[in-house]
Amino acid sequence: MRWLALVAAVLAAFIAAIVLGPAHLPPSELLRSPIVWDLRLPRALLAVLVGGSLGVAGASLQSLVRNPLADPFLLGLSGGAGLGAVLAIALHLGGPWALPLAAFLGALVALGLVFRLGLVGGAELDPRILLLGGVAVGAFTGAITTAIVSLAEASELRNAYLWLWGGLSNASWATVRLIALYVPIPLFLLLTAARPLDLLVLGDESARYLGVEVGGTKRRVYLAASLLTAAAVSVSGVIGFVGLIVPHLGRGLLGTRHRALLPASFLIGGTLLALADTLARVAVAPREVPVGIVTALLGVPLFVLLLRRWSAA
Amino acid sequence: MRRSLSRTHVAGLALAFVAGGCRPSTNRAPEAPPPARRVVSLAPSITELLFALGAGAQLVGRTTYCAYPPAALAVPGVGDGLNPNVEAIAARTPDLVVLYRSPHTETAARQLGSLGIATLVVHHDRLEDIATTARQLGQATGHADAGSAIARQIDSALAAPPRPGPHARVAHVVWDNPPIVIGGGSYLDQLTHLAGAGNVFHDIATPSATVSIETIAARDPDWIAVLRETADPSPPDYAQRPEWRVVRAVREGRFLFLPAELFGQPSARAPEAVAYLRRVLDRFPLPPPAPQ
């Protein structure tokens, strides 16, 4: 039943994203209009893919570092991606793919730095060092980004703003194809780590006794979750809050077993972002608000409601 | 050279211009203070206006963006004007600093005031703001007649009867990702209207706003107006992107390239800008040419 409800929710959010928009289209024209085929459809698909990816990355990372506050961007990736994008803008790199690629590379560099830091205490990625390293790398790249932004020309800042606050206005069939081809690989890697992740949550020692290859599993989960986040950032900038709250919603609905939690996080993340983006496009039409604002406005009350219910239970 | 002389003016001017603002038109100075001799301008539109008033020789500091008229480039830069560097400005020993109103500049204005430097904070989004500022700056710099003359020109341009239709419908797209367009609160909206065309985003009250490509497609402008630094006639990069080709004007290559030097800031040359836009629109009369 719960799975049915989750699938129904993501379908409903997807359909709403296609039917609703600032342009008024009569139902008879919906299937023929290029506004639907070339704008709303790729944007809705991208919202589901990006939201789902952030949800799964968040769920995996929270278990990996055994910290309910972990979020895909806490580990320095957003700072790296933002720096990459802002550098590309400041260096006037041309072409439609220069910015996403630079954001992706920036996230990879941050990932590499944090990963290297995480190995300091041995090969088993100490969660505390990962978290601290992520926050430190994030702060450092953030400082460089702000320095570049405050020295760059005013008109160029607008694009940087999008990358730092998130938005899906970049959506096109090309971005959807790219993400749809890329995302299944890290998603598959994480799903195959579902059982070891269940055990890792109990602690490294317990997991080892139960037969988990702790170091290898952690590295695989960290890299797959980070690559997933980096891809999401490269097409939509830093959309906050989805990766933080979605795993908690998933646990509340379907429990803590990762074989259920990871797919559920994908569906919930996709639903939340598709709904949030629809609201971002429609709520103040003809204007549009950054989608990260809506994910927070939508997610926080929901989160608070569920927190109260869970703590009462 | 004039440095020692200018310092004597500083104290007397200190409070005369603080918190000026352009709307509503006020001239609070109880007695006319002596004209400012060393002026720092913290916005390109202010720099241009000072030169138009004949006060260019009194300008001792400008922003890095002040490029018009070309003579402005000879004036030393004091930063980007958006986050004023009070020390760099004070180092030019001005007796008047003119700032564009924003939270950052109002803080800077207070700091300059406490250093005993007179400030004038102006608001330049609409053409009537230029008329008001022209009068204020004209008086402050000893070019009151020139200020009134510019204000009259702008006022009469604004009062010109509307052109008979049909009106071309224009969208000013200033950024592609996220798409940012010019709304009814901007002088570009006024220039478009005065040239006998309409801004399809006139209903948005702010000077600019983020919208979705879908909204631009639905408003279906006849033209996409783009500011250009150079005379390059090639369409902007985003014109090739499939999501932008949903917009008819983009698909049909209907771009109006407006020189940034004339349209990039509200100025005393508004009548010239209107005439330019009229000429461009008249060259491609409605109904629009067949799709390519």
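Q: How do E5 and E6 of chain B pair?
A: Strand E5 (residues 168–176) of chain B and E6(B) pair in the antiparallel sense over 3 bridges. Two strands pair if DSSP finds at least two bridges between them, and strands (E, at least two residues) and helices (H or I, at least four) are DSSP runs numbered from the N terminus. Keep in mind that this is a predicted model: local features need pLDDT of at least 70, side-chain atom pairs count only at pLDDT 80 or more, and totals for chains, interfaces and linings use all residues. Residues are numbered from 1 along each chain as its sequence is written, with chains lettered from A and ligands numbered from 1 in the order in which they are written.

Q: OK, and what joins E5(B) to E6(B)?
A: A hairpin, through 2 residues. Within that pair, B:Val181 of E6(B) is the bridge partner of B:Val173.

Q: What does E6(B) pair with in the antiparallel sense besides that?
A: E8(B), again over 3 bridges. There, B:Ile182 has B:Ser208 in E8(B) as its bridge partner.

Q: Are the faces of E6(B) covered or open?
A: Both are covered: B:Pro179 and B:Val181 are buried on one side, B:Ile180 and B:Ile182 on the other. Buried means 20 or more other C-beta atoms within 10 Å of the residue's own, exposed means 12 or fewer, and partly exposed is in between, with C-beta atoms placed from the backbone. In a regular strand the side chains alternate between the two faces of the sheet.

Q: Switching to the contact between the chains, how many residues does each one put in?
A: 21 from chain B and 24 from chain A, where two residues are in contact if their C-beta atoms, placed from the backbone, lie within 7 Å.

Q: Which elements of chain B supply the side that touches chain A?
A: Strand E6 (179–182), strand E8 (208–210) and helix H8 (213–219) of chain B each supply at least two residues. H8(B) gives the largest share, 5 residues.

Q: And how does that side of chain B split by class?
A: It has 14 nonpolar, 4 polar and 3 charged residues. Here Ala, Val, Leu, Ile, Met, Phe, Trp, Tyr, Cys and Pro count as nonpolar, Asp, Glu, Lys and Arg as charged, and the others, Gly among them, as polar.

Q: Where are the domains in chain B?
A: Domain 1 covers 3–158 and domain 2 covers 168–283; the bounds come from an automatic or database domain assignment. In their contact, 17 residues of domain 1 of chain B meet 14 residues of domain 2 of chain B. On the domain 1 side, helix H2 (44–53), helix H5 (127–141) and helix H6 (144–159) of chain B give two or more residues each, and H2(B) has the largest share with 5 residues.

Q: There's a parallel sheet in chain B too. What's its strand order?
A: E2-E1-E3-E4, in an open sheet of 4 strands. Strand E2 (59–61) and strand E4 (119–122) of chain B are the edges, each pairing on one side only. Strand E3 (residues 96–100) of chain B and E4(B) pair over 4 bridges, and B:Val97 has B:Thr119 in E4(B) as its bridge partner.

Q: Which strands does H2(B) lie across?
A: Strand E1 (39–41), E2, E3 and E4 of chain B, running at about 140° to E1(B). Angles run from 0 to 180 degrees between N-to-C directions, and axes are lines fitted to C-alpha atoms, for helices over the stretch in contact. Helix H4 (residues 103–114) of chain B lies across E3 and E4 of chain B, at about 165° to E4(B).

Q: Last one: how many helices and strands in chain A?
A: 14 helices and 0 strands. Of the 313 residues in chain A, 52% are buried.
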